[in-house]
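Trainee: Hi! Could you walk me through this one?
Mentor: Happy to, let's have a look together.

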Amino acid sequence: MYMKSPLLMSSSHSVSLPIKLFAQLPPLKDHPRIVHHKLWIKCETSSDDEEMICVSIDFNLPLTVTHRLHTCHYRKFVGINIACHTDWSLALKIPEIICVSPTNSVVELTSMNTTCDQLTYLKNGETIGYLWEINLSTTDIKTLGSLAESLRLNFQTKYSSAEKLDCTQDLNFEFTINNYKTLLLIESGVEMAGKSGEFCRMNTVCTYTAHFKRSEHSETNIPSSEISFKYEIVADKTMWAVCGRGSDVITFLPNSRTQSVSVEVMPLMSGYLPIPTLNVFRYFPSNSRQNIESKMEQFSTGQVYDASKGVQTHVLPRITADTS
C-alpha cells in the first residue's frame with residue numbers, strides 16, 4: 001500500500017495522519033482471536049539506502065468458529081458454533097459445509113438448520129449454532145467399514161455489517177474429524193440387588209449393571225481374534241459407594257458382540273441420583289513372547305456411545321425402626 005501525505009514536511013517536522021486499515025479474514029485454524037500484520041513505512045524524502053520502518057498491527061477477528069462431533073448410537077452430527085466479537089451487529093447468510101476429502105467418500109452431509117431466515121443477525125458476545133448430519137450410504141451397519149477413517153470438512157458462509165448488507169466477506173473454517181465411527185455402545189442401570197424392578201434404598205446394596213455392544217465392523221489395526229476394553233466405574237463419593245470391583249478388562253471373543261458386567265453399589269442418600277458413569281479405554285494385553293507390555297489408549301470422540309449418560313435413578317429413604 002502506498003499513501004502520500006497531503007502536507008509538505010521537512011525533516012524537522014512531524015505529522016499525524018488517521019489511517020483506516022482493512023484486512024481480509026484468513027481461513028480460521030486453531031481458533032485464533034488475533035491476526036498479525038506488518039505495515040512498512042518509508043518517507044518519500046528519505047534516501048534510497050535508508051531502511052523502511054516496520055510497524056506491527058494486530059487485527060481482532062470479528063468472528064470465531066468452533067466445531068464438535070455429536071453421536072447418537074451410530075448416527076453422527078457435526079455442530080458449528082459462531083461467536084461475534086464486534087462492537088456492531090453482523091449479518092450472516094445461510095451457511096454450508098462440504099466434504100473436502102476424501103473426494104470418493106460415500107459420506108453426505110444433510111443440513112438440520114432452518115431455511116426460513118435468509119439472514120441471521122449477531123451482536124457482540126452472541127453465539128449461533130448450526131448442525132449437519134453425516135449420512136451413511138445405507139442404514140446397514142456392515143457398510144461402515146467402507147467409510148473413510150478421516151474426514152476433512154470446510155464450513156463456508158458470508159458475513160457483513162448489518163448496516164451494509166451488500167458489502168459481504170467470506171468466512172471459511174476447515175477442520176478434520178478422525179476416527180468418528182462408533183465402536184462400542186453402552187447401556188447401564190441400577191436396581192435393587194436380587195429384586196428386579198424395585199427401587200433402591202439408601203444404605204442398601206444395589207446392583208449396577210452395564211451392557212456393552214461392539215459394532216459389527218472391526219478395525220484393521222485390531223486382531224480379529226479378540227478385542228479388549230478396560231472399564232472404570234466413576235461415581236460421586238457423596239452419593240455412591242462402589243462395593244464391588246470398580247474396574248476390569250472385557251474381552252470380546254471372535255464373533256462375540258455383547259458383554260455384561262454387574263457390580264454392587266450402595267446409595268448414600270435418597271432422591272433422584274445420577275447413576276455412576278463409565279470410563280472406557282482400549283486395552284492391549286501384554287505378550288511375554290514378543291516382550292510387549294500391556295497398555296491402554298483413550299478412544300477418539302464419538303467412538304464410544306453411552307446411552308445411559310445423565311440417567312437418574314430413584315433412591316428411597318432407608319427404613320427406620322418404629323420405636324413407639
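**A first tour**

Mentor: Let's start with a pair: the side chains of Thr64 and His85 make a polar contact at 2.8 Å. A polar contact is a pair of N or O atoms within 3.5 Å; within protein, one must be able to donate a hydrogen and the other to accept it, and residues adjacent in sequence count only if both atoms are side-chain atoms. Keep in mind that this is a predicted model, where local features need pLDDT of at least 70, side-chain atom pairs count only at pLDDT 80 or more, and totals for chains, interfaces and linings use all residues. Residues are numbered from 1 along each chain as its sequence is written, and side-chain values use heavy atoms, with hydrogens and water left out.

Trainee: Where is Thr64 placed?
Mentor: Thr64 is in strand E3, residues 63-72. Strands (E, at least two residues) and helices (H or I, at least four) are DSSP runs, numbered from the N terminus.

Trainee: And is Thr64 buried or exposed?
Mentor: Thr64 counts as buried, because its relative accessibility is 12%. Buried means under 20% relative accessible area, exposed over 50%, and partly exposed in between, using a 1.4 Å probe and protein chains only.

Trainee: Okay, new topic. How many salt bridges does the structure hold?
Mentor: The structure holds five salt bridges, each a side-chain nitrogen of Lys or Arg within 4 Å of a carboxyl oxygen of Asp or Glu. One of them joins Glu174 and Arg152, whose closest N and O atoms are 2.7 Å apart. That pair links distant parts of the chain, with Glu174 in strand E11 (residues 164-178) and Arg152 in strand E10 (residues 150-161), 22 residues apart.

Trainee: What about the inside? Which residues have the most contacts in the largest nonpolar core?
Mentor: Those are Val190, Phe212, Tyr231, Leu278 and Val280, in a core of 28 residues. A nonpolar core is a set of buried Ala, Val, Leu, Ile, Met, Phe, Trp, Tyr and Cys residues joined through side-chain atoms within 4.5 Å. Elements giving two or more residues to this core include strand E12 (184-192), strand E14 (206-214) and strand E20 (277-284). Apart from it lies another core, of 25 residues, among them Val78, Ile82, Cys84 and Phe175.

Trainee: What is Phe212 in contact with?
Mentor: Leaving aside neighbours within four places in sequence, the partners of Phe212 include Leu184, Tyr231, Ile250, Leu278 and Val280. Contact means heavy atoms within 4.5 Å.

Trainee: Back outside, then. Is Lys38 buried or exposed?
Mentor: Lys38 is exposed, with a relative accessible area of 59%. Lys38 lies in strand E1 and touches Cys54, Val55 and Ser56, not counting residues up to four places away in sequence. The C-alpha atoms of Lys38 and Ile57 are separated by 5.7 Å, though these residues are 19 apart along the chain.
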